[in-house]
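Please look through the sequence and the model shown here, and keep both in view while you read the report that follows.

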Amino acid sequence: MTNETEPIPLRVGKREQLYFWLLLLSTLVTGCGLIVGVLALGTLGVVLLGLTILLLGAIWIRQWIRVMTIRTEGVFLSETQQPLVYAALRRDAEQMGFWKTPEILLTQDPKMTRPRTIGLFQKYMLVLPADYPLNETTRFEILRELAHLKQNHEEKQLLLLIGSWIPFLRTAYLRACEETADRFALAQLTEEERIPSLVRSIVGPALWRRLDVMHYIEQKQQAPSLATSMSELFRHQPSIHRRLAVAGLKTTAPRLARVTSGLLVSLSCLALAGLVFTATELEIPEWSGWTESVVQQDDTKQDLGESKLMAAIQKGTLDEINQLIPESDMKAVDADGDTALHYLGYRKSSEGLADVFQDLLAAGSDVDAVNDFGERPFITAVYSNNKELVELYLKRGEAINQRDDEEYTPLHHAVEGEGKETVKLLLERGADPALKNADGYTPLMMAEEYELEDIIVLLKQNQTQTL
């Protein structure tokens with residue numbers, strides 16, 4: 001049995017990661033564009049920059065006053081002030097991997113009707129309404145705020161603000177953050193608590209007391225209209241339909257809405273790509289000497305700390321790889337802790353794969369080396385959908401249902417990597433699709449979450465055959 005206080009890993013959804021990096025790229029390019037604009041405008045640009053800084057300063061002071069008011073008038077929970085409530089919240093914080101319990105306050109602020117994370121920079125605190133009931137149903141909302149705090153969502157949103165002008169991109173990122181919070185909070189509740197907790201969070205305490213939960217869920221499980229689905233593109237919160245799906249309830253969404261949503265986000269990405277292209281075409285003679293020196297400095301470093309053998313395995317020819325293996329250090333790692341054997345899992349070409357694999361093992365490569373993401377070379381091959389290499393590992397004796405620190409099996413990783421062929425191979429070799437990870441998800445549940453139709457069919461066929 002695992003320890004109650006053992007931290008539960010928070011796995012961020014792929015959508016959140018994608019939108020974060022797109023927003024970060026937009027922010028960097030926009031910031032560089034603003035700097036160039038200020039320099040081009042001369043004195044006027046400096047004046048505009050000064051006014052912008054004054055405006056941001058005024059916003060910061062207003063937020064600072066609000067935070068100080070809450071801290072001054074609120075009641076801090078501690079081991080002496082409401083010890084039972086504080087102990088429960090501290091236990092939840094430890095479960096989420098906080099090295100220190102966040103500051104928790106009760107406030108009479110009328111604007112605070114539910115738990116919320118508030119603060120400035122790294123000084124964040126969890127604020128609860130003074131009359132907020134603390135029980136298993138309301139615990140869900142607190143867990144969501146702790147998840148936001150753990151993932152630094154408030155700081156990331158502030159950091160990415162100037163790059164949020166691209167239509168739909170910021171709202172898509174905010175929705176993905178909310179889904180991450182939902183998913184993690186639900187994973188820490190029992191199955192019986194998940195749906196009631198989620199529904200109470202959606203409708204609020206007043207309606208919850210007189211709500212027919214089953215009838216409400218039946219209504220929301222029905223497919224929404226196209227207009228309702230499209231309106232989600234303009235909202236920061238995911239739709240009720242989507243939140244129920246994250247909780248594990250079967251829902252039906254109109255395919256046209258998903259296609260249109262994907263099209264609009266794709267257009268946003270094209271707008272960002274156009275911005276990057278435009279920025280790269282700008283001529284800035286005054287900075288040319290500086291940029292050349294930076295390029296020269298970068299050339300003295302190897303990309304991501306990779307060795308020559310790693311680079312050859314990823315993009316080189318078989319002759320280059322064979323020449324480098326005898327003289328290379330098999331224990332060398334890059335910035336992410338990957339060894340040459342990890343890199344073999346990333347390689348797209350299967351030509352000569354078996355020979356290179358055997359040569360690396362003969363030269364001393366460690367099949368049990370773990371990178372910074374906790375992945376062994378076998379798992380890297382699984383996640384990268386390198387079917388041929390996965391088959392070589394299995395012939396060598398890799399356990400088909402092995403578990404990592406997060407209770408993921410190879411089948412979980414194959415689904416996460418969206419590798420249909422690898423999923424099929426693992427199922428044929430006896431992978432158990434019923435095993436759950438630490439978050440309580442089976443490979444099928446993950447495939448349904450990522451909407452991987454072909455993989456869902458494979459997993460369901462295998463389940464049918466094993467009944």
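Two packed helices are described by the angle between their axes and the distance between the axes. Helix 1 passes helix 6 in a left-handed crossing, a term used if the near helix is turned anticlockwise from the far one by less than a right angle, with right-handed used if it is turned clockwise. Helices (H or I, at least four residues) and strands (E, at least two) are DSSP runs, numbered from the N terminus.

On the side of helix 1 the contact is made by R15, E16, Y19, F20, L22 and L23, and on the side of helix 6 by L169, R170, A172, Y173, A176, C177, E179 and T180, contact meaning heavy atoms within 4.5 Å. The residues of this contact between helix 1 and helix 6 divide into nine nonpolar, one polar and four charged; here Ala, Val, Leu, Ile, Met, Phe, Trp, Tyr, Cys and Pro count as nonpolar, Asp, Glu, Lys and Arg as charged, and the others, Gly among them, as polar.

## How to read the values

Residues are numbered from 1 along each chain as its sequence is written, and side-chain values use heavy atoms, with hydrogens and water left out. For this predicted model, local features need pLDDT of at least 70 and side-chain atom pairs count only at pLDDT 80 or more, while totals for chains, interfaces and linings use all residues.

## The chain as a whole

The chain has 23 helices and four strands. Buried residues make up 43% of the 467 residues in the chain, where buried means under 20% relative accessible area, exposed over 50%, and partly exposed in between (1.4 Å probe, protein chains only). Among contacts in the chain between residues at least 6 apart in sequence, 69% join residues at least 24 apart.

## Regions listed by UniProt

An unreviewed UniProt entry lists residues 18-38 and 44-61 as "transmembrane region"; such annotations may be inferred rather than shown by experiment, the positions follow the numbering used here, and feature names are shortened. In the model, residues 18-38 are 100% helix and 0% strand, with end C-alpha atoms 30 Å apart, and residues 44-61 are also 100% helix and 0% strand, with end C-alpha atoms 26 Å apart.

Residues 373-405 are 52% helix and 0% strand, and their end C-alpha atoms are 10 Å apart, whereas residues 406-438 are 48% helix and 0% strand, with end C-alpha atoms 5 Å apart.

## Nonpolar cores

The largest nonpolar core has 46 residues, and those with the most contacts inside it are L309, L344, L360, V423, L426 and L459; a nonpolar core is a set of buried Ala, Val, Leu, Ile, Met, Phe, Trp, Tyr and Cys residues joined through side-chain atoms within 4.5 Å. Apart from it lies another core, of 33 residues, among them Y124, L128, Y132 and L149.

## Buried residues in helices

V382 is found in helix 18 (residues 377-383), and because its relative accessibility is 0%, V382 counts as buried. Leaving out residues up to four places away in sequence, V382 touches V390, P410, H413, A414, T422 and L426.

D92 has its place in helix 3 (residues 83-95) and counts as buried because its relative accessibility is 6%. D92 touches R139, L143 and L146, not counting residues up to four places away in sequence.

## Positive phi in two loops

E407, in the loop between helix 19 (387-396) and helix 20 (410-416), has a positive phi of about 65° although it is not a glycine. E418, in the loop between helix 20 and helix 21, likewise is not a glycine and has a positive phi of about 60°. E407 counts as partly exposed because its relative accessibility is 33%, and E418 counts as partly exposed because its relative accessibility is 43%.
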